[in-house]
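Good morning. Please have a look at the model first.

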Amino acid sequence: MEIKRSTEELENNHVMPISGSNGIVHNMEFMSQAYLRNQYSSEIDIHEEFVSSYPHEDAPLPIFLKFEDVEYKVRNIQASLKTMVSKVVTHTSQDPDGYKHILKGITGSTGPGEILALMGPSGSGKTTLLKIMGGRLTDNVKGKLTYNDIPYSPSVKRRIGFVTQDDVLLPQLTVEETLAFAAFLRLPSNMSKEQKYAKVEMIIKELGLERCRHTRVGGGFVKGISGGERKRTSIAYEILVDPSLLLLDEPTSGLDSTSATKLLHILQGVAKAGRTVITTIHQPSSRMFHMFDKLLLISEGHPAYYGKAREAMEYFSSLRILPEIAMNPAEFLLDLATGQVSDISLPEELLATKPPNLILRTYKTDLEPKEKEENHRNRKAPEHLQIAIQVKKDWTLSWWDQFMIIFRRTFRERRRDYFDMLRLVQSLGVAVVLGLLWWKSKTDTEAHLRDQVGLMFYICIFWTSSSLFGAVYVFPFEKIYLVKERKADMYRLSVYYVCSTLCDMVAHVLYPTFFMIIVYFMAGFSRTVPCFVFTVLTILLIAITSQGAGEFLGASVLSIKRAGMIASLVLMMFLLTGGYYVQHIPKFMQWLKYVSFMHYGFRLLLKVQYTGDQVFDCGSKGGCRTLQSSSSFDTVNLNGGLEELWVLLGMAFGYRLCTYFCLRKKISICHL
């Protein structure tokens, strides 16, 4: 690197007394000599190794991440309400901004070949800082964050791998299928299918996933692989595409000590390949603690220590802060961060001061200025790396190629739902029951005609509700997977949505067809080929339109609870205005039937099944009458054409168009 301060200059600085804000004077010669003298020179040697090896065909782009005075705050609704009440009662302005401050001036840096551990007690802000580094949080963030001295931009997004604490993997796919589909979608198009498969095989072997490669990932109510295997699969999913910056949120949570250590050995290998690795960690074992290259200790949003992990104990020893008993270094540091110092020896002048406050002030006066001077002010990333980080990666595949891969993946993920035996029994069972209840129904009298029209309306209700509720939960359930993959720019949103709606149409076409074949002939509907075909097509159109409406309602809220409630209200409203229960709706409420696809579907079903000049009730005193004269068709012109067909087609397309734009807006503002 360009900047390399001489040993003599550093040594001269070491003997300078520095006074903290608490009035305590520290002699820098008493401080850890290894920590202060070698901290930067060794880093420069390591970094230059990766800088000189880029560009290389197989080497990831080196990323030097710097973060300076990073602050983050969130809206505190409870505090805002208290402030409003306080202003009204006392005319004072307590907590005027109404925000809760999560991060309070975090500074540090890391580069390729290093593992930076973010450590601190629960609620200290570790995950928040990690999300800010990954570009997942951008609102209400202050401070400076650069990648090769370039601020975050969309070009950086595809160079970052993010492993969340809760593994976000499709549960119905096997480990091998999960990695294979990721490889086909994200690896460069100039790689052949065989090369992509070879890359998957290599990753599976490196991360020890051979035993579970053909096992479903599982999760939730789906039985699958173990927690450690799922965590390794999540890491494999990200490193498969050679990210330059790998971020991991609590990767060892839920794992035993041996599994956690193995996982960290894997991360060391990932870092040595030229990647920058940053992970949050809660309380690692002693062995794991010494495997980290750098450590950032956070206490209540404040930085308490930043530097080499191995030299953290030496640093606090120089401040005469020592454990009184044999203690895990991570446990010692967490006790300091939380103020639990019952087993820690403190100098007399510190006993009257709350330990975290003292440590924070010492860090601000001793360590932070040196970090800013050495790594932020003087050291700059090479110009060719600054240029390379600004080059946005194009899509690795065309729209059609992405469609073919996502369609196969979506179908494999949902095929168990499509061909569920319970669903099949439900559809066929209801069809048989309806066929028996309306066995060989006729239209020779007004009462018989009304019965058959009632069957028509029930069929509309059944497939409207089945399709609506079958689609309304799709996007709320898959929100976390979609958000994760879209944040990584894995595919185009339009590709995902088209694949999702087309795959789901399999069930919305297959089951209604079987259903109508049974009901139609058992119930004695018109025995002509055109009438049968048009009736089945009308039911399918109703189901597909209902599917689009369900997708739109689900995408508009992306909440399982709210989506179900809204769908129930909409279904009830459309059912009442469908044209069977209430034919003569008051004028001020008639607008409801014009937005009801059940209204148009029911009218179209009557038109394709009956004709206006067809006669019935010939045995009555008045003689034969035409069907159009029946009270069941007061509001329907049986010979009036098929304009309802075009309305339903327009609704089916319009609902899906609205769904796409709702998804686009909602997913862009969602965070994991």
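The mean pLDDT of the chain is 82, and 86% of its residues reach 70 or more; pLDDT is the predictor's confidence in each residue, from 0 to 100. Over residues 1–42 the pLDDT is below 50, yet this stretch has 84 contacts in the model beyond near neighbours in sequence. A contact means heavy atoms within 4.5 Å. Residues 79–95 also stay under 50, with ten contacts beyond four places in sequence.

Some ground rules. This is a predicted model, where local features need pLDDT of at least 70 and side-chain atom pairs count only at pLDDT 80 or more, while totals for chains, interfaces and linings use all residues. Residues are numbered from 1 along each chain as its sequence is written, and side-chain values use heavy atoms, with hydrogens and water left out.

Now the whole chain. Its secondary structure comes to 24 helices and 16 strands. These are DSSP runs numbered from the N terminus: helices are H or I with at least four residues, strands are E with at least two. Of the 672 residues, 53% count as buried, meaning under 20% relative accessible area with a 1.4 Å probe, protein chains only. Among contacts between residues at least 6 apart in sequence, 77% join residues at least 24 apart.

Next, a sheet. In what order do its four strands lie? The order is β4-β3-β6-β7, in an open sheet with antiparallel pairing. Two strands pair if DSSP finds at least two bridges between them. β4 (99–110) and β7 (150–151) stand at the edges with a single partner strand each, so one side of each has no neighbour in the sheet. Strand β3, residues 65–75, is joined to β4 by nine bridges; in one of these pairs, Val70 has Ile106 of β4 as its partner. Helix α4, residues 126–133, lies across β3, β4 and β6 (141–147), at about 120° to β3. That angle is between N-to-C directions, from 0 to 180 degrees, with axes fitted to C-alpha atoms, for helices over the stretch in contact.

Last, helix α6. Its twelve residues, 175–186, should span 16 Å at 1.5 Å a residue, and the end C-alpha atoms are 17 Å apart, which agrees. The expected span is 1.5 Å times one less than the number of residues. Is α6 enclosed or open? Twelve of its twelve residues are buried, so α6 is largely enclosed by the rest of the structure. Among the buried residues are Glu176, Glu177 and Arg186. The cover includes α7 (193–206), α8 (227–239) and α15 (399–418).

Key:
Buried means under 20% relative accessible area, exposed over 50%, partly exposed in between (1.4 Å probe, protein chains only).
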